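The sequence and model follow.

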2 protein chains.
Amino acid sequence: MGKKLFIPGPIDVRKEVLEKMSTPMIGHRGGDASTLQKSISEKLQKLFYTDSTILLSTSSGTGLMEGSIRCSTLKKAAIFSSGAFGDRWYKMAIANNVPADLFKVEDGKAIDIEMVEKVLSTGEYDVITITHNETSTGVRNPIEEIGDIIKKYDDIIYCVDAVSSAGGIKIEVDKIGIDICVTSVQKALGLPPGMSICTFSQRAIERAKQISHRGIYFDLLAMYEYILKKDYQYPSTPSLSHMFALDFQLDEILKEGLDNRFKRHEDMANLVRDWSRKHFEIFTDENHLSNTLTVIKNTKGINVSNLNKKLQERGYQIANGYGDLKEKTFRISHMGDYTLDDINELLDNIEDILGLLNKVY
Amino acid sequence: MGKKLFIPGPIDVRKEVLEKMSTPMIGHRGGDASTLQKSISEKLQKLFYTDSTILLSTSSGTGLMEGSIRCSTLKKAAIFSSGAFGDRWYKMAIANNVPADLFKVEDGKAIDIEMVEKVLSTGEYDVITITHNETSTGVRNPIEEIGDIIKKYDDIIYCVDAVSSAGGIKIEVDKIGIDICVTSVQKALGLPPGMSICTFSQRAIERAKQISHRGIYFDLLAMYEYILKKDYQYPSTPSLSHMFALDFQLDEILKEGLDNRFKRHEDMANLVRDWSRKHFEIFTDENHLSNTLTVIKNTKGINVSNLNKKLQERGYQIANGYGDLKEKTFRISHMGDYTLDDINELLDNIEDILGLLNKVY
């Protein structure tokens, strides 16, 4: 039996989805591949509420994030970070010799709207990156409000890392004005890791055309042009197994109904939050809580590693705090295809292991 | 039923291997992931006859090739090309602003040893790239002889694209002196596409340390350092599904015996070659024939697309010529887990469709 993974990805994958990973191979240059990839793209446009082109990449989300910043920055990128995954955008820029400045907020806080307004008003930047859901701190950043600021400018490409939110939290890409929205399949989409996805707006396409040295594998413009020319096929051989599973799972997601799916994530989040407030404290600013992950302050000084070891003996797994927040916090993810029952089962087991019901800890 | 794919990848994957793609998820930061990735690495060291570090990448081979040239070139790369896939190395260099010169031979010919000797003697280059098996022309390049030339220099990093050869043709990485040998799992290794592999020598590690701006996702040095520090784990979330299948398939390959596997590929190649000489001509220089793929000159002026359409109705698929060689040649791959019986079955069907047995065409 696989463990029940309540870590921020990979998460458990339903049996029916896993089975699709075993679909026999097809040629990646034939009509069957075109049909499959077109079908996936159309369903993802619904998920992202967008008319933008969908790009699929056989890689983790990191790859497409790297591609986005490399294919978009002519002047300089403004990287707004509320934690470790926000910082990663900055590292990507530096590693690719892309000019960038990093603007940070305190751990547990969301990106400050006024800071964004002030930074962009300098006119120095033509790209902005935001981590929608900061997996290290549990913050959901206000991408809608930030979108409103960006709309005042016409030359700023808006890149959003939605790796741990898309599929669990509503992201209206076109309405918000996101140019490149990146996600990965192993989080709220409920698939095995190995594929990432981004939306690619007309503005982003035009920008990429002005940029030389975009690399090869993550050259978003080359992918876009190939898709256009070759009927949804890709320059490099893709993971067809993931595509079979993704196509199936997107049907399941649309069958559940997007609003129902987002509501289920909200309900799971509320359950974990209430529980956390009862026994511990929530680490994150209460005004900016994520619906796919809760970061809990270890106010009782429990040994998180030990708790996780005991949980694993029972078939469950949660995540320790990230980086410097290890042992100071712990993290419970509630994303993908889990139900309220699954969450209750996990919380009951944690209570039982910690003896939370019987004693003052 | 899936088609029997005799195209140069993806090829058919055995049912037992496909089933492993459905293995339930594990956390990619836990001991189970370390054990799995260590196991794969040790088996791949046997396959490549090397003590070099093995790096696994969730991407096609293109990604790791791009990473190799970017992480190795301080002065300039000498790209030796015998066809479309050789040219691709050059495009990768240019797209990443890596200094490079392209040296080409005529389609169907192998890289000329004397040319390599002359080019390297200029002292201008510190990287050389060779396509072991040129999938567009069916050429197997003499990587051993080229290795002997490179050994005369101590500052040249030897990169080999073994995407369509590794697992089907013996490559003694350490003996030949290859620093970075790249392959993909969907060719002679017999897995679904979505993962690539490279060997990474100590010399290549030292070189990479001298290079700034190596990018993120294909930064071979960062992968190497992470593996060392985190017990075979990777910086980005990998395709665990491919790892489960790869670990299983490597056991199967080692069970078959490497020499037996290489001999089986040679036998399949001989069968297709004899058949080709009987009915058509071999396009490729007879002294440099690949054991995983045969490119056949369309001396009878058959309509290759039509032949393939009829073959597909019967459940088989071959490949048309690549690029400019379309219709002028056609390609039959014989790699992975196929047997002589499979090849005979395909050839019988081609003969039957073309009426080769009954009439002079």
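## Aromatic pairs

Rings of Phe, Tyr and Trp (its six-membered ring) are paired if their centres lie within 6.5 Å; planes under 30 degrees apart count as stacked, over 60 as edge-to-face and the rest as tilted. Under this rule, 19 aromatic pairs are counted over all chains. An edge-to-face example joins Phe103(B) and Tyr125(B), at 5.9 Å centre to centre and 85 degrees between the planes. This pair links distant parts of the chain, 22 residues apart: Phe103(B) belongs to strand S4 (residues 100-104) of chain B, and Tyr125(B) to the loop between helix H5 (113-121) and strand S5 (127-131) of chain B. Helices (H or I, at least four residues) and strands (E, at least two) are DSSP runs, numbered from the N terminus.

The model is predicted: local features need pLDDT of at least 70, side-chain atom pairs count only at pLDDT 80 or more, and totals for chains, interfaces and linings use all residues. Residues are numbered from 1 along each chain as its sequence is written, chains are lettered from A and ligands numbered from 1 in the order in which they are written, and side-chain values use heavy atoms, leaving out hydrogens and water.

## Burial and a second pair

Buried means under 20% relative accessible area, exposed over 50%, and partly exposed in between (1.4 Å probe, protein chains only). Phe103(B) counts as buried at 18%, and Tyr125(B) is buried at 5%. The rings of Trp275(B) and Phe280(B) have centres 5.9 Å apart and planes at 40 degrees, so this pair is tilted. Trp275(B) is buried at 6%, as is Phe280(B) at 5%.

The charged end of Lys300(B) sits over the ring of Phe280(B), 5.0 Å from its centre (NZ of Lys or CZ of Arg within 6 Å of the ring centre and within 35 degrees of the ring normal).

## Helix H11 of chain B

Helix H11 (residues 258-279) of chain B has 22 residues and reaches 32 Å from its first C-alpha to its last, close to the 32 Å expected (1.5 Å times one less than its number of residues). Its buried residues include Leu258(B), Phe262(B), Met268(B) and Trp275(B).

## Asn96 of chain A

Asn96(A) lies in the loop between helix H4 (84-95) and strand S4 (100-104) of chain A, and is buried at 7%. Beyond its neighbours within four places in sequence, Asn96(A) is in contact (heavy atoms within 4.5 Å) with residues including Glu66(A), Arg70(B) and His213(B).
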